[in-house]
Amino acid sequence: METRMYEWDFGVLWAYRWLFLDGMIMTVSLTAAVVIGGLGVGLVAALGMMSGNRVLKGVSLAFTELFRCTPILVQLIWCYYALPILTGLELTPITASIIALSCYGGSFYSEIIRGGIVSIEDGQREAGLALGMTPALAMRRIVLPQALRRMVPALMNQSILQFKNTSLVSVLAVPDLVYQGQLAAHDSFRPLETYTAIAVAYLVILLPLTLFVRHQDAKFGGAR
């Protein structure tokens with residue numbers, strides 16, 4: 001009965017506009033950092049899994065499965081509280097978040113990158129070797145450029161997921177959009193309006209990106 005009588009008032013959120021703006025800037029910056037970090041981690045892990053070295057292959061596979069098969073929230077908490085105990089390094093909440101999200105994203109990026117590379121016919125690489133290229137040069141100049149074209153839609157999809165995953169860093173008190181929203185909700189006593197506004201903000205950013213990914217997927221899918 002009380003739910004029906006609730007009077008929505010989004011006007012109160014205007015007083016917290018700068019708080020939301022700071023949170024959005026942090027969310028976008030954090031996403032950029034973890035996408036770049038995740039792609040780097042994913043590339044290294046993918047090459048490791050495709051390596052002829054059994055130890056390197058095993059380590060890369062173990063890393064990928066470890067981060068793919070454990071909850072990201074647990075990884076965030078573990079990186080912030082347990083990693084400093086094991087390494088002696090002091091990590092800020094932002095640094096711990098970047099490490100955890102980059103490794104988590106990297107475990108998924110690695111499978112995308114590996115799948116893109118193995119989809120290129122061996123004849124392409126062998127042609128490069130026949131021309132006198134080293135395996136690394138053939139990979140960089142022949143295989144990766146073609147594989148990247150096939151990876152783009154899947155990589156962008158994973159990057160969109162990374163954007164949403166950054167909402168979990170609020171548990172470490174990183175001042176992202178969700179954390180700033182929590183402050184505004186507690187101060188204004190308007191949690192419904194606050195979290196609705198946060199959901200709309202995520203939707204406004206991610207919907208165009210999702211439509212763009214679908215367009216690219218259809219474009220590249222038709223080209224394959």
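Mentor: Helices (H or I, at least four residues) and strands (E, at least two) are DSSP runs, numbered from the N terminus. On that basis the protein chain has 10 helices and 0 strands.

Trainee: What should I know about the model before reading numbers off it?
Mentor: This is a predicted model, where local features need pLDDT of at least 70 and side-chain atom pairs count only at pLDDT 80 or more, while totals for chains, interfaces and linings use all residues. Residues are numbered from 1 along each chain as its sequence is written, and side-chain values use heavy atoms, with hydrogens and water left out.

Trainee: What does the C-alpha trace span along its principal axes?
Mentor: About 75 × 50 × 30 Å.

Trainee: And how many of the 224 residues count as buried?
Mentor: 37% of them. Buried means under 20% relative accessible area, exposed over 50%, and partly exposed in between, with a 1.4 Å probe and protein chains only.

Trainee: What share of the contacts comes from residues 24 or more positions apart?
Mentor: 75%, counting contacts in the protein chain with a separation of 6 or more. Contact means heavy atoms within 4.5 Å.

Trainee: Now the core. Which residues touch the most other members in the largest one?
Mentor: L76, L101 and V169, out of 15 residues in the largest nonpolar core. Two or more residues each come from α2 (17–49), α4 (72–81) and α6 (93–118). The largest share is that of α6, with 4 residues. A nonpolar core here is a set of buried Ala, Val, Leu, Ile, Met, Phe, Trp, Tyr and Cys residues joined through side-chain atoms within 4.5 Å.

Trainee: What does V169 touch?
Mentor: Leaving out residues up to four places away in sequence, V169 touches L30, L76, S97, L101, V174 and D176. There is also a second, separate core of 13 residues, with Y16, F20, L177 and V213 among them.

Trainee: On to helix packing. At what angle do α2 and α9 pack?
Mentor: About 160°, with the axes of α2 and helix α9 (residues 177–188) 7 Å apart. Axes are lines fitted to C-alpha atoms, for helices over the stretch in contact, and angles run from 0 to 180 degrees between N-to-C directions. The two helices are therefore roughly antiparallel to each other. Angles under 35 degrees count as roughly parallel, over 145 as roughly antiparallel, 65 to 115 as roughly perpendicular and the rest as oblique.

Trainee: Left-handed or right-handed, that crossing of α2 and α9?
Mentor: α2 passes α9 in a right-handed crossing. A crossing is left-handed if the near helix is turned anticlockwise from the far one by less than a right angle, and right-handed if clockwise. On the α2 side the contact is made by L19, F20, D22, G23, M24 and T27, and on the α9 side by L177, Q180, G181, L183 and A184. By class that contact has 6 nonpolar, 4 polar and 1 charged residues. Ala, Val, Leu, Ile, Met, Phe, Trp, Tyr, Cys and Pro count as nonpolar, Asp, Glu, Lys and Arg as charged, and the others, Gly among them, as polar.

Trainee: How do α2 and α6 cross? I mean, at what angle?
Mentor: Roughly 45°, and their axes come within 5 Å. They are therefore oblique to each other, and α2 passes α6 in a right-handed crossing. The contact has 19 nonpolar, 7 polar and 2 charged residues.

Trainee: What about α6 and α8?
Mentor: The axes of α6 and helix α8 (residues 135–165) come within 8 Å and cross at roughly 145°. This crossing of α6 and α8 is right-handed. Residues of α6 in the contact include L101, Y104 and F108, and those of α8 include M139, V143 and L155. By class, the contact of α6 with α8 has 14 nonpolar, 6 polar and no charged residues.

Trainee: Last one. Where is G88?
Mentor: In the loop between α5 (83–87) and α6. G88 is exposed, with a relative accessible area of 57%.
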